[in-house]
Amino acid sequence: MTVVLKIPASTANVGPGFDSVGVALPFYLTVEASLHESWEIHHEGPHLPAVEDVQTHLIMQTAKELARLHGKVLRPLRLYVTSEIPLARGLGSSAAAIVAACLLANHFAELALEKDALLEFASSCEGHPDNVAAALYGGCIVSYQSSDQVLYSRFELPSFQWLVAIPPTELKTEKARQVLPTSYTREQAVASSAAANMLVAGLATGNAELVGKMMGSDQFHEPYRMSLIPSSQEYKSIVNGLGAYGTAISGAGPTLISVIPPSFDVTSIQKKFPHFTLHKVSTALRGAELVTQKISMFS
């Protein structure tokens with residue numbers, strides 16, 4: 001029997017919600033999986049590199065580790081992987097892969113774990129729960145991770161419209177983390193914490209204008225990362241000036257994401273920034289899904 005996984009992309013932070021707010025977006029990682037005599041992984045499409053070493057593949061390593069932690073051995077699988085999520089663009093590509101691995105282990109090793117248990121493991125792999133929680137549950141997830149648990153609250157945001165601006169160049173999360181300061185002043189911490197509180201209030205009440213306003217109020221990471229993204233300040237100024245409620249870096253970047261009114265016209269932005277790939281999308285309300293089927297999509 002073949003199973004097919006569909007995992008949404010995600011944007012993290014949404015400005016001041018640093019490492020704790022994630023929103024699922026309708027770009028998908030798709031994995032077709034079936035039992036096989038040995039591990040075999042195939043990548044399809046422009047957003048995935050060739051598989052150089054199956055043994056170091058993130059999905060395989062993560063799935064085997066989750067099974068091992070629960071006293072099971074995951075039998076070898078043949079995987080066909082396609083993705084609409086560009087790598088190293090701040091749209092949760094690694095989180096989607098980790099979530100896919102969790103679902104594969106849970107299914108094929110018969111772990112019988114609930115999604116909350118999968119979230120705990122996925123968060124430990126990713127280092128924070130924002131992207132993995134959004135990918136797993138869909139909608140908008142506000143989360144908190146301590147040494148022994150992950151707490152979260154989910155909002156759907158069905159009416160929110162997002163403008164996703166994807167640059168042609170990559171930005172590795174490690175590089176984006178390196179530019180962050182090791183400490184903040186009390187004034188910075190208070191201001192950013194207050195902005196994060198107001199951001200969550202806007203998300204909880206479905207107030208897109210308040211969310212947009214707070215997206216530009218971060219002092220934890222955005223002031224340090226903007227210099228790593230060419231044209232970002234100009235883009236932010238122009239898109240906000242044309243009617244976007246607010247704009248922020250998506251995750252560690254370099255993608256920029258704006259919350260916009262439904263009537264927002266993308267045409268003029270595309271003309272001014274032809275090197276960006278622009279997508280006007282709604283929140284992905286459905287999280288990771290696994291379905292079984294008898295016929296392979298790739299046969």
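Me: Helices (H or I, at least four residues) and strands (E, at least two) are DSSP runs, numbered from the N terminus. Between which helices does the loop with A112 lie?

Reply: This is a predicted model, in which local features need pLDDT of at least 70 and side-chain atom pairs pLDDT 80 or more, while totals for chains, interfaces and linings use all residues. Residues are numbered from 1 along each chain as its sequence is written, and side-chain values use heavy atoms, without hydrogens and water. Phi of A112 is positive, near 60°, though A112 is not glycine. The loop that holds A112 runs between α2 and α3 (115–126).

Me: Is A112 buried or exposed?

Reply: Buried means under 20% relative accessible area, exposed over 50%, and partly exposed in between (1.4 Å probe, protein chains only). With a relative accessible area of 69%, A112 is exposed.

Me: R89 is buried; which side chain of opposite charge is nearest?

Reply: R89 sits in the loop between β4 (77–83) and α2 (93–108). Lys and Arg count as positive, Asp and Glu as negative, with His and the chain ends not counted. A salt bridge needs a side-chain nitrogen of Lys or Arg within 4 Å of a carboxyl oxygen of Asp or Glu. R89 has none, and the nearest side chain of opposite charge, 4.0 Å away, is E170.

Me: How far is the side chain of R89 from the backbone oxygen of P168?

Reply: The side chain of R89 also reaches the backbone oxygen of P167, at 3.0 Å. For the backbone oxygen of P168, the distance to a polar atom of the R89 side chain is 2.8 Å.

Me: Which residue does a cis peptide bond join to G253?

Reply: Contacts of R89 (heavy atoms within 4.5 Å), leaving aside neighbours within four places in sequence, include G253 and P254. Most peptide bonds are trans. Here omega is about 10°, and the residue joined to G253 by the cis bond is P254.

Me: What is the angle between the planes of Y137 and Y152?

Reply: Rings of Phe, Tyr and Trp (its six-membered ring) pair if their centres lie within 6.5 Å; planes under 30 degrees apart are stacked, over 60 edge-to-face, the rest tilted. The whole structure has seven aromatic pairs. Y137 and Y152 are stacked, with centres 4.7 Å apart and planes at 25°.

Me: How many residues apart in sequence are the parts that the pair of Y137 and Y152 ties together?

Reply: Y137 is buried at 13% relative accessibility, while Y152 is partly exposed at 31%. Y137 belongs to helix α4 (residues 130–137) and Y152 to strand β6 (residues 150–155), so the separation in sequence of the parts tied together is 15 residues.

Notes
Polar contact = N/O pair within 3.5 Å; in protein donor to acceptor, adjacent residues only side chain to side chain.
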